[in-house]
Amino acid sequence: MAKQGSGSILQFAPLQSSVDEGFWHRLSSLKLNKFGIDDSPIPISGFYAPCSHPQVSNHLTLLAESLPSDSNDESTMPPVIRGNRNRCSVPGILYNTNTMEGFHALYKQGLLKAEAMKIWEDIHSGKAVEDCAVLSRVLLISFADLKKWNFHYWFAFPALALDPSATLVDLRPASQWFTLEEAESVSAACNEWRNSSVTADVPFFLVSIDSDSHAAVKHLKDLEACQRDGQKLLFAFYDPCHLPNNPGWPLRNFLALISARWNLKTVRFLCYRENRGFADLNLSLVGEALITVQQGWREQQCVPNAVGWELNKGRKVPRCINLAKSMDPTRLAISAADLNLKLMRWRALPSLNLEILFSLKCLLLGAGTLGCQVARMLMAWGVRKITLLDNGRVAMSNPLRQSLYTLDDCLNGGDFKATAAVRSLQRIFPAVEAEGIVMAIPMPGHPVSSQEEKSVLEDCKQLNDLIDSHDVIFLLTDTRESRWLPTLLCANSNKITITAALGFDSFLVMRHGPGPFNSIPNLKAETENSLAAGMDNLALTNTDGQHRLGCYFCNDVVAPTDSTSNRTLDQQCTVTRPGLAPIASALAVELLVGILHHPNGIFAEAEIANSSSGGNFELPLGILPHQIRGSLPHFQQMTLLGHSSNSCTACCSTVVSEYRKRGMQFILQAINHPTYLEDVTGLTELMRSANSFQLDWDDDIEVADDECVEL
Amino acid sequence: MQKEDIDQISQIDTREEETCCSRNEDVLDDATLVQSNHHELHYCDFHIVYSSTFRVPVLYFRAYCSDGRPLPLDEIEKELPACASKELSKKKWTFITQEEHPYLKRPWYKLHPCGTAEWMKLLFLSDTANPKFEVVLELYLLSWFSVVGQVFGLRFYFKISN
């Protein structure tokens with residue numbers, strides 16, 4: 001910037017705008033709740049303060065308080081703003097349009113002239129001398145796109161142009177213009193002016209210095225008195241600009257006032273600037289301007305030209321800001337949830353793998369008491385992709401125990417649980433990617449007629465595809481037999497499978513072991529697995545002999561059959577103590593998180609909780625059990641371990657290879673013929689030989705899950 | 001993708017406005033300084049708010065660009081002086097949450113106050129004299145600030161305390 005010598009045109013540094021995000025927030029709120037499509041101009045107040053930093057100019061700022069209140073009980077009054085030393089209030093007006101086209105169609109020159117006219121009138125009426133804050137005004141045009149949270153806007157700071165422009169006689173740091181004594185006195189007087197709540201926000205004032213180098217700060221209306229005294233007189237103003245060679249924008253209208261009202265030709269001015277809250281006369285400037293306006297310029301009816309539209313990086317275009325991240329409620333919810341989980345990682349669990357949770361796809365079979373709770377727990381852990389499968393509709397008794405449903409879901413026969421659950425999840429956390437599948441799971445012991453066969457096979461196929469396309473499957477249905485097919489399919493696809501089952505006052509939560517046909521990764525040497533050496537050969541090897549962990553059916557002696565017919569009402573409805581479902585669901589999800597953080601994942605060996613393990617765990621989340629069985633009457637839970645059974649009706653190698661060989665035909669046979677599975681697995685044979693010992697077999701074993709039956 | 005939209009709009013405006021401006025000089029005149037350097041500045045506001053739940057002062061902060069766009073936490077952390085980000089990572093009690101500012105009702109970040117009472121006790125443990133309340137209050141705030149300020153590399157100027 002060339003230093004301005006005497007005789008050159010006095011150039012002012014334009015004001016710069018700064019809009020606090022709260023301003024847009026309140027404007028949005030006003031638009032949505034109060035104004036609607038009414039686009040009448042809105043009175044606003046801007047704020048500025050003298051420059052407080054040698055390298056950075058202060059801006060003219062709009063805050064939430066710049067707009068009228070958005071609460072319903074107050075009318076749209078212009079905001080009554082009491083300034084303070086950090087905020088000089090600038091009256092202004094906002095034209096907010098309803099469309100982008102409307103924004104561009106605004107007659108900007110006309111709007112600017114109208115605001116300039118107000119200043120001109122205040123100058124001539126004397127109001128500008130009484131209340132000098134009106135010498136500065138702010139004009140804002142905007143278009144708020146409240147769907148995308150884009151705010152287009154353009155500021156103008158109306159300035160009356162002198163014609164011709166004023167010339168600069170001299171400009172230098174104030175400390176170089178005042179004597180040392182004068183400087184000290186001026187600083188003191190200005191600091192006093194700034195510290196008093198009455199004058200702190202009065203941005204234009206007079207500084208008069210008497211022959212004793214004693215300075216006094218006066219209001220503009222005292223000008224005549226000061227001139228009479230014949231003392232040194234400076235026209236001072238709060239200058240937001242920091243530049244050493246240019247005064248700030250507010251001086252423009254100040255000079256217009258001085259010329260129009262008092263007809264002064266030579267004006268000595270003080271650009272008042274501060275540092276750390278105190279007058280800084282090195283940063284402040286004293287200058288002398290020469291005003292030589294044309295004849296007639298001062299006449300009231302002849303309104304001067306106005307300039308002042310703000311440039312956007314040097315271009316005459318509006319600005320735009322996108323605030324979706326801080327204003328869109330969904331985005332805020334996402335960032336809050338993320339931050340929460342990251343906090344857990346910082347504070348307590350540095351090895352927490354959030355990425356795996358975010359990308360995990362979970363399939364929940366059953367959207368009842370267990371399904372609803374598991375879904376919520378998964379979301380709390382940061383899981384976003386959840387699929388719920390359920391055939392039923394929400395019944396009137398459900399909302400009490402099934403935490404995703406409310407009464408509305410029960411009306412008119414009840415919505416499908418799967419769809420209602422998805423809706424509910426989205427209301428809780430809009431960013432969830434939830435899907436609902438309305439489907440019945442084909443079950444052994446519930447034979448199908450030939451007409452239904454086709455659709456049942458389709459269901460089997462769909463279930464298989466679902467299992468294949470997800471990473472984790474939760475078995476949360478209310479019957480044993482409905483768990484059979486999913487268990488088989490999961491064992492076939494080697495998917496992480498978690499079962500939760502409820503008795504009246506007891507529960508079981510377990511993770512299924514890996515399927516029978518999988519290469520076991522090289523685990524610890526203690527397994528003494530000679531097969532582990534030749535990984536290539538393991539693809540089709542039967543791993544039953546490797547003590548893989550069992551599934552839900554591994555301990556059963558009978559195949560799953562129809563457990564729902566011929567039962568009393570309370571058995572059919574699986575009524576349980578209400579506390580069980582939340583406990584079991586929570587444990588199921590925590591167990592899953594444990595698996596995900598275990599280096600061996602689905603192949604992880606099982607650990608048993610014992611009191612001697614204390615607080616030191618190998619893994620940060622603690623032990624990884626196989627089964628957790630809990631009893632409410634005892635307020636106790638135990639961790640158990642069960643290995644897979646060679647005769648398991650769901651996951652043994654015989655069954656899985658039959659499935660692989662014959663596919664849907666095998667399934668159909670299992671569904672339609674109650675004893676088929678027992679025959680295939682050799683259980684029939686086993687029972688026959690056991691019967692010959694004349695032992696009593698309980699026919700109804702499947703009801704009780706609270707006893708471990710060792711084979 | 002939105003950035004492209006904005007630029008498109010700006011393009012339209014440029015054409016419109018430049019024709020507009022050649023007719024009416026409503027933007028610049030010879031008395032307007034035209035600046036060529038446009039520095040991007042980041043601002044950070046700090047508020048000290050009393051928490052009635054924890055009964056201690058809490059440091060709230062937020063950062064934004066000169067056009068008002070808020071800066072996310074990871075960008076703020078990048079700009080902290082090196083010693084400060086070390087403080088942030090090592091001390092167990094300095095962690096940052098995002099919460100609604102109690103008065104401004106907008107999302108701000110804050111240094112969580114759950115540990116403040118504890119470490120303030122340590123600072124004051126040795127103080128056995130019974131000074132006047134105003135002195136205690138000032139001492140408390142100074143001590144508190146000297147600790148939390150470290151997280152941001154904020155230093156304290158004693159001139160203010162006089």
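In which sense do strand β3 (residues 96-100) of chain B and strand β4 (residues 107-111) of chain B pair, and over how many bridges? In this predicted model, with local features requiring pLDDT of at least 70, side-chain atom pairs counted only at pLDDT 80 or more, and totals for chains, interfaces and linings using all residues, side-chain values use heavy atoms, with hydrogens and water left out. Residues are numbered from 1 along each chain as its sequence is written, while chains are lettered from A and ligands numbered from 1 in the order in which they are written.

The pairing of β3(B) with β4(B) is antiparallel and extends over 5 bridges; two strands are taken to pair if DSSP finds at least two bridges between them. Helices (H or I, at least four residues) and strands (E, at least two) are DSSP runs, numbered from the N terminus. Opposite B:Thr97 stands B:Lys110 of β4(B). The two strands form a hairpin with 6 residues between them, and B:Lys105 in the turn has a positive phi of about 55 degrees. The loop between β3 and β4 of chain B also contains B:Pro102. With a relative accessibility of 30%, B:Pro102 counts as partly exposed (buried is under 20% relative accessible area, exposed over 50%, partly exposed in between; 1.4 Å probe, protein chains only). Residues up to four places away in sequence aside, B:Pro102 touches B:Val49 and B:Tyr60, contact meaning heavy atoms within 4.5 Å.

Chain A is divided into domain 1 (7-69 + 81-327) and domain 2 (360-516 + 538-607 + 621-688), with bounds from an automatic or database domain assignment. Their C-alpha centres lie 71 Å apart.

An open sheet of 7 strands in chain A has the order β1-β8-β15-β12-β11-β9-β10, with mixed pairing. Its edge strands, β1 (8-9) and β10 (215-218), each pair on one side only. Within chain A, β12 (residues 266-272) and β15 (residues 285-290) pair in the antiparallel sense over 6 bridges, and A:Leu270 stands opposite A:Val286 in β15(A).

Helix α19 (residues 653-662) and helix α20 (residues 664-672) of chain A pack at an angle of about 125 degrees, their axes 6 Å apart. Axes are lines fitted to C-alpha atoms, for helices over the stretch in contact, and angles run from 0 to 180 degrees between N-to-C directions. α19(A) is therefore oblique to α20(A) (under 35 degrees counts as roughly parallel, over 145 as roughly antiparallel, 65 to 115 as roughly perpendicular and the rest as oblique).
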